[in-house]
Amino acid sequence: MDSQHHQDPEEFYVKQDRIGKGSFGEVYKGYDKRTQKTVAIKIIDLESAEDEIEDIQQEIQILSQLDSPHVTKYHGSYLKGSNLWIVMEYCSGGSCSDLMKPGVFREEYIAIIVRELLRGLEYLHSEGKLHRDIKAANILLSAGGEVKLADFGVSGQLSGTLSAKKNTFVGTPYWMSPEVIKQSGYDHKADIWSLGITAIELAKGEPPYAELHPMKVLFLIPKNPPPVLDGNFSKPFREFVSYCLQRDPRDRPSARDLLKHKFIRMAKKTNYLTELIERHERWKAEGGDRQDEEDRHSASDLPASGDPEDLWDFGTVRHAATVGRAQTQIHVSGPPLTWENNGTRRSDGSSDSSGSYISTHSSITVKGDLPPLPPSPAVSSRRSDQATVRHMPPDNGGSRRSNHTVQREPSDEYDDDYDDQYPDTYTTRAGSTAQLSEKMSHVQLEDDLPDTTMLDSVILPAISSLFPRVSSQEARVALSALQRAFTDAERIIPGVTMELVNEIVESVERVEDER
Amino acid sequence: MNFFKTKQRTPPDLVRGLRDAIPRLDHGAPGGESRRKANEDISKNLQQIKAILYGDGDPLPELVAQLAQETYTTDLLHHLVVNIARFEFEARKDVVQIFNNLLRRQIGSRWPTVEYLSGKHEVIFAALAGYENEEVALNTGMILKEMLRHEQLSKVLLYSDQFYKFPHYIETTTFGISCDAFANLKETLTRHKPMVAEYLDKNYDRFFSSFTTLILSNNYVTKRQSLKLLGEILLDRANFNVMTKYIANEANLKMMMNLLRDKSKNIQFEAFHVFKVFVANPKKPTQIETILRRNKDKLLVFLKSFHNDKEDEQFSDEKQFLIVQIQGL
């Protein structure tokens, strides 16, 4: 058919060398046949992509509406078979994380880069959009030293999700703000936090906590005081970083305000940055990247501590990219569920007895004396709260795992939740009870939402990744029972998954220490 | 000379200024000074109109009302959609924001812009025709999507001949635009369920002969998405009559059985969700039952090894159910 020709990317673009490979697919250098201009081409196989095509399309819609010298330009997207080609502006200078390989940047370069990033963020935020994945690896330099934000929207999302492994979309948490990790709703100030972390990364070569396991970092960031830039740096620089890294997003200045900061106002012209590109060239010429080439095969942009054989793919977390959708996330989370409030009484008399007698230290499960079922809206709101992590459209209150089938089949839906309504009790070792209840009250006080990040982003995907490795139906049933058990446990004991993982990580580290 | 006072232009000034600037886009030589000036005026007026509508988060109701009225009396929305391709990049985005802001405007239970547009079908069709121009297709697509949220406007499109241009747009554009057109087709077919159910019932043949071309498309995404949408349409309770008709047709069953063997796993999976409806039907027409019975053994072998790696309990249950049904034939 004639129409097919208009869609064939090879009619317009020539694909050349591969310049990158990630969990999402591959990136090629290429050029536009009509203009001879160099472009970057991301190629993603939709057949193996985890993303819904609608989500990819949404992100392309967002990309197509951006036009700024501080943002890599989107040229178009084409389909060839099941391969999606996303054609973007090419930046020959490479990414800041590449350019850092010969060594960290001096403060004067960082000031220039950060100023340009702020300009890019000022643009994005004025458009009501968030980047959500600012880090050195996503900052590109053109040949002339212009700084461009890359890999947000479509690319950011794709890079985190189109992994060969299934359902593994825990992101690199090192750059994430406390509120993003806690899923308690966030806005453009989350980008400001990530910018502060990136400034530290550029100055020291790594973000804070880089030596720790990413899973551990997921709860250190919300728990600890914000990192500070220590070392031999100017006062304005250290102050700038501290402004970005304030725990309360409302205390962080906007991009526009930060552009007025002394550290930024002192920065030189962007063309000085070509010195970084030249330095990298020299370093390569001297053979500095030999080790690097070898590393590339084991791949991933993990910081040094990452283990490539990990079950998880810590590429990037995906989330909504616009402010609007970030807000949706807050709304769908719904009110806190009655069963999370330890000691909450139902109006129904029968439940009162069981509810109030169960002490937090015991391990009683009163099977015969269940409290009444909670109203069904609460059930569905909890479910869609989990689902937002997995990018389900907010308006379908589907099931917890098989959103695919349920969403298309409201008529077939049956309520399998009747067995979930255990009393508000939980089993813990006496020693950790205090910690756990502290955690729980923390969760309720802070945002009234269950923090299910660890469950949704680590445990369930990890179990999912085991499915392809087992061969019998029985084994698969066992695995899905395991997933259900975790989901149930998390509902009855909010925060338990996080605590469990905490325990595991701690014990793993102890073992390492002993060796 | 007055450097300091910028006089506040009234909504009629702005709308008129904008409308007058549009024809000036044709004046003089292409790329010439007068065209550039016209574009500048358009961008400036659009910005000011947007400022009135969004007004730093606190728009003045009287000004907005005046502006809305002025756009209706001058048919500004139509002019904007028809000419959007000639505007500058940011001005196109402003058009979308202005259009959609006016569309969302509510006075009590009334939606003035929706009422206005339900008498101006050409605006809806102009937004649809935006898919003919790559440059603006995603802008006009957003406008179309906003209109389709309203049943009155969605109905106008669904009942028109232009509705049948969707497959053409989906098939002839590049990925991003094709997907956008598909999303709006889906919006038309799923948002206002009873209205759509009535339409599909009455226009069954025309609709499905058109829709089938999408299912049989050579384009991977079109095929996969339209199969998925078919599943959603058939399994929606509102479309019970349509489903009954669809699953009584042996050509449809054959098509699904072939798609179960498509080389793409995703397409196989989507086909499964349509195929299951044929099998699950407790009152299978003879022609359907004959085909299923004729393929009984093959189907059983096929289903037993079909997507066994799926970690989806509901899918496994459904597959098991189908196996039992087919065994019982």
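Of the 12 residues of α8(B), 10 are buried, so this helix is largely enclosed by the rest of the structure. A residue is called buried if 20 or more other C-beta atoms, placed from the backbone, lie within 10 Å of its own, exposed if 12 or fewer do, and partly exposed in between. The structure is a predicted model, in which local features need pLDDT of at least 70 and side-chain atom pairs count only at pLDDT 80 or more, while totals for chains, interfaces and linings use all residues. Residues are numbered from 1 along each chain as its sequence is written, and chains are lettered from A and ligands numbered from 1 in the order in which they are written.

Among the buried residues of α8(B) are A137(B), L138(B), N139(B), M147(B) and L148(B). Helices (H or I, at least four residues) and strands (E, at least two) are DSSP runs, numbered from the N terminus. The expected span of a helix is 1.5 Å times one less than its number of residues. For α8(B), residues 137-148, this gives 16 Å, which agrees with the 16 Å between its end C-alpha atoms.

In chain A, strands count as paired if DSSP finds at least two bridges between them. Strand β2(A), residues 25-32, pairs with β3(A), residues 38-45, in the antiparallel sense over six bridges. One of the facing pairs is V27(A) with K42(A) in β3(A). Five residues lie between the strands of this hairpin, where Q36(A) takes a positive phi near 65 degrees. β3(A) is also joined by seven bridges to the antiparallel strand β5(A), residues 83-89, and here I43(A) stands opposite W85(A).

An unreviewed UniProt entry places a "coiled-coil region" at residues 39-66 of chain A; UniProt positions follow the numbering used here, feature names are shortened, and annotations may be inferred rather than shown by experiment. In the model, that span is 43% helix and 25% strand, with its end C-alpha atoms 17 Å apart.

The contact between the chains takes 35 residues from chain A and 30 residues from chain B, two residues being in contact if their C-beta atoms, placed from the backbone, lie within 7 Å. On the chain A side, α2(A) gives the largest share, six residues.

Finally, S464(A) belongs to helix α19(A), residues 453-464. With 19 other C-beta atoms within 10 Å, S464(A) is partly exposed. Its C-alpha atom is separated by 8.3 Å from that of Q483(A), 19 residues apart along the chain.
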